[in-house]
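Hello,

I am passing a structure on to you, and I hope you enjoy looking through it.

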Amino acid sequence: MSDPNQDKQDSALVRFLRATEVDTRLLGMIGALMLIWLGFHFYGVIVNDYGAFLTPRNLWNLSVQTSSIAVMATGMVLVIVTRHIDLSVGSLLGFTAMIMGVTQVWVLPQFLGLGHPLIWVITVVVGITFGALIGAFQGFLIAYLSIPAFIVTLGGLLIWRGASYLVARGETIAPVDQTFSLIGGGPHGTIGATGSIIVGVVFAFFIILLLINGRRQRLRFGFPTRPMWAELLIGGVGVGFVAAAVMVMNAYPWPKGVVKKYAAANNIEVPEGGIFISHGFAIPILIAIGVGVLMTFLANRTRFGRYVFAIGGNPEAAELAGINTKKMTMLIFALMGALTGIAAVIASARLKSATLALGQFDELYVIAAAVIGGTSFAGGIGTIYGAILGALVMQSLQSGMVLIGFDAAIQQMVVGGVLVVAVFLDNLYRRNSA
Amino acid sequence: MENHAQINPDQNAAQAVPLVEMKDISISFGGIHAVDKASCDLYPGEVVGLLGHNGAGKSTLIKILSGAYTRDSGAIYVDGKEATITNPRHAKEYGIETIYQTLALADNVDAAANLYLGRELLTRWGTLDDAAMEAETRKVMNRLNPNFTRFKDPVKQLSGGQRQSVAIARAIHFNARILIMDEPTAALGPQETEQVGQLIHQLKADGIGIFLISHDIHDVFDLADRVVVMKNGAVVGAARTSDVSKDEVLGMIILGKCPPGATPGPGALQE
């Protein structure tokens, strides 16, 4: 890795990549994302005389729209890494959302009274537990009864969609609890300018702490460390990115109507030009980021994660090393179910209702996000951050095409084509780097 | 401990209790008796070659000892006491380590992750202590294969010999007392084969008992103190390598015929 003779022969770029130890895949994905963003923006500038994509408003919306898929994609990575698949997540999302809808609209108000502060807590717990139990049940069928995951979850796709119809005879359940609906975003479901700055500062510290800790660990055992300039560069880019995200989110103000209502409720005089009240980070994106951090921790720093990847690399070897692969499979599907429960909370809160169509085709977007993010169907390979970026790519394509006024039919075709091409490019990349 | 057919009379008193003894082990898969009432034993510091054609049942027998399969009947004794071995973790608790013919490595993770698979070192927070695992791995690999430097690469990218040394390191790092090597030199060049031979001598000197499994008598004969030959799932016989010739052992492997220097087993050709 640090052979000096080799260093001289390689180009500046290769030396740079080696010093910073940056994942070239990650760079490629960020590059592709930037290309999509700039493409849509300047297409808008040229064709419609207005670039709508790279505006605080659109980027804020994009962050909210991505959240639910991103949460599920982090779990799908582990499922696909262990050479399984989960086709049921979309239907399961719809079913859990329906169960939560019934819980908070029909059941809990009878006992607690409408608007009771515990309603949203109980509802969320019910949703996540419910998702985890169904996931565990599917995992049990896959692990202990040896039914292929494809079949079990294909069955699940039909069963849970049908079940969510049965729950409310196809009715839409609305409106959800006030506090619950904040989880879906919207002007009030945000943490405001100050909150966003605090979150940003915490994250910046977190990044610096990780870098320092990593360096200390390497020094403790005398392993080669990154050169100081590379550490500073990575820290700088990370902190810069966080700062940019905070600024963009804070640059998107509340709509005039919302401000007026808020001012009236709080007896604030609205001056001539209106008041600039920032959205800041939306709650769903904070949840998605939190899930992403926890799942990355789980995948990289715990035994559970190590076993997931070992099973994916060589199931027989994992078994011979004493890993209980059946139990692991069941746990992975239970985790996928719990994450689907969280996604259902976000999706139904955003919609402020539980509808029959909620989550339809989500399984395809979730799988596509994981695969575009570099998760390999051959097993053993995949990253959480890749899947989150993959979700962002999918959602960017989707909403970008809406913004520039593409037909719904064309949108579908483009998303499908991008998925196939992305996997092809990924294969090329792997063949050349292996 | 009752006297058993395969305990050689010239074992001295200190070694009277075998490190491991497998007695009347049977297992069948869908009506086929893969192993039929097979028995064999192993003493500290001894190398026992387990020989037989492909499909003779030697790998199956040994997988029962390493916990990969659970026997239908028979018993396993470790240090003279009956041992319960129904999964690989049990075997490891008894100090039984295995180097599989396939190496059983997770190809997508690095050497340290493979070395510690199932026995990860944890920090006091309960998280993986990768730095400590890598440091230990560097130490072990330095002893075993000083040329090994690719600690960060997934083992898929390593050469056959390097992969082999990772598998060996994993087997001997956790104070193995009984080492099972399934065709350890099948994928190796002459020089690496020689290294494995040296390693076996060294481990023997440390008092580790070794089962050496091979279908090729030449791999085993010079390294082994004793050979046990299997055919069609049954033990043909056992012999000290000093008491029999290679040709006689070949006769055992091919014909199931027990020479005078060997102790016949249930699978021996009846004359």
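Below is what was found, chain by chain.

This is a predicted model, in which local features need pLDDT of at least 70, side-chain atom pairs count only at pLDDT 80 or more, and totals for chains, interfaces and linings use all residues. Residues are numbered from 1 along each chain as its sequence is written, while chains are lettered from A and ligands numbered from 1 in the order in which they are written.

Let's begin with chain A. It has 18 helices and 0 strands (DSSP runs numbered from the N terminus: H or I of at least four residues for helices, E of at least two for strands). Its radius of gyration, taken over C-alpha atoms, is 23 Å, close to the 22 Å of the globule rule for 434 residues (2.2 Å times the number of residues to the power 0.38), so chain A is as compact as a globular protein of that length. Along the principal axes, its C-alpha atoms fill a box of roughly 70 × 65 × 45 Å.

Now for chain B. There, an open sheet of 7 strands shows mixed pairing, in the order β6-β7-β8-β3-β9-β10-β11 (two strands pair if DSSP finds at least two bridges between them). At the edges stand β6 (96-99) and β11 (263-264) of chain B; each has a single partner strand, so one side of each is left without a neighbour in the sheet. β6(B) runs parallel to β7(B) (residues 178-182), joined by 4 bridges. B:Thr98 has B:Ile180 in β7(B) as its bridge partner.

Happy exploring!
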